[in-house]
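Please look over this structure with its side-chain contacts in mind.

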Amino acid sequence: MILPIVAYGNAVLRKRGQNVDKDYPKLQEFIDNMFETMYNASGVGLAAPQVNQSIRVFIVDARGFVDDEDEDEEGLKDFVQVFINPEIIEEDGEEWDFNEGCLSIPDVREDVSRKERVRIKFYDRDFKEHEEVYTGLKARVVQHEYDHIEGKLFTDYLTPFRKRILKGKLANISKGKISVGYRMKFVK
Ligand code: NI
């Protein structure tokens, strides 16, 4: 089932998500719905707060970054993962800029600077524990989605000048004054 994606301005995007356990009601079905919702919106990642659930779950499918399989040097085609109760252990390496977007903030793309490497502990959908180090675009999408379950958005990193430029556009998004090709939930 495709779920409506919560738009910028909704308080759920600003809450830190709660951890879940195996017995969390309908968790597997919820994860399936998250994938369906993300694919329908052509996203490369989606976090539970973006579909109005304040829990520490996000999903990634980095195939959306790759046009040509022959040029998939980073192995993005294989990066499909469910992250449950993740904890970032450390981030290091040089900061680099990448033009980020977000399904909750349609038609806004801005350069965001983040560290190049992230070490993260998490459970997969079978509640098997993992600890992984990601770099480059894999790290980038993990850092962006992890921020969502911490109540952060990529626009938080912008300079006061860029925030001022975007103010009107963000206000319009929160009011639903935007045309978007997937189901969204706006603040009334
Ligand atoms: Ni996002």
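What follows covers the metal site, the aromatic pairs, the charges over rings and the salt bridges of this predicted model.

## Nickel site

Three protein side chains supply donors to the nickel ion: C102 through SG, H144 through NE2 and H148 through NE2. They lie 2.1 to 2.3 Å from the ion. Along the chain, the donors follow the spacing C-x41-H-x3-H. C102 sits in the loop between β4 and β5 (110–123), while H148 belongs to helix α2 (residues 136–149). The two are 46 residues apart, so the site links distant parts of the chain. Both C102 and H148 are buried.

## Aromatic pairs

The model holds nine aromatic pairs. In one of them, the ring centres of F79 and Y134 are 4.9 Å apart. Their planes meet at 45°, so this pair is tilted. F79 lies in the loop between β3 (57–61) and β4 (80–100), and Y134 in strand β6 (residues 129–135). The pair therefore ties together parts 55 residues apart in sequence.

## Charges over rings

The charged end of K138 sits over the F79 ring, 5.5 Å from its centre. K138 lies in helix α2. It is buried yet has no salt bridge. Leaving out residues up to four places away in sequence, K138 touches E74, G75, L76 and F79.

R140 lies over the face of W96, 4.6 Å from the ring centre.

## Salt bridges

The whole structure has 15 salt bridges. One joins D92 and R117, with the closest N and O atoms 2.9 Å apart. D92 is in strand β4 and R117 in strand β5, 25 residues apart. Both ends are partly exposed: D92 at 28% and R117 at 29%.

Another pairs E110 with R162 at 2.7 Å, N to O. This one links strand β5 to helix α3 (residues 160–175), across 52 residues. E110 is buried at 8% relative accessibility, whereas R162 is partly exposed at 29%.

K152 and D147 meet at 3.8 Å, N to O. K152 is partly exposed at 37%, but D147 is buried at 6%. Salt bridges with shared partners join E100, R114, R140, D147 and K152 into one network.

Terms used: Residues numbered from 1 in each chain as written. Predicted model: local features only at pLDDT ≥ 70, side-chain atom pairs only at ≥ 80, totals over all residues. Heavy atoms only, no water. Phe/Tyr/Trp six-rings, centres within 6.5 Å; stacked < 30°, edge-to-face > 60°. Helix = DSSP H or I, 4+ residues; strand = E, 2+ residues; numbered from the N terminus. Lys NZ or Arg CZ within 6 Å of the ring centre and 35° of its normal. Donors = N, O, S within 2.8 Å, 3.2 Å for Na, K, Ca; no water. Buried < 20%, exposed > 50% of the residue type's maximum accessible area, 1.4 Å probe, protein only. Lys, Arg positive; Asp, Glu negative; His and termini not counted. Salt bridge = Lys/Arg side-chain N within 4 Å of Asp/Glu carboxyl O. Contact = heavy atoms within 4.5 Å.
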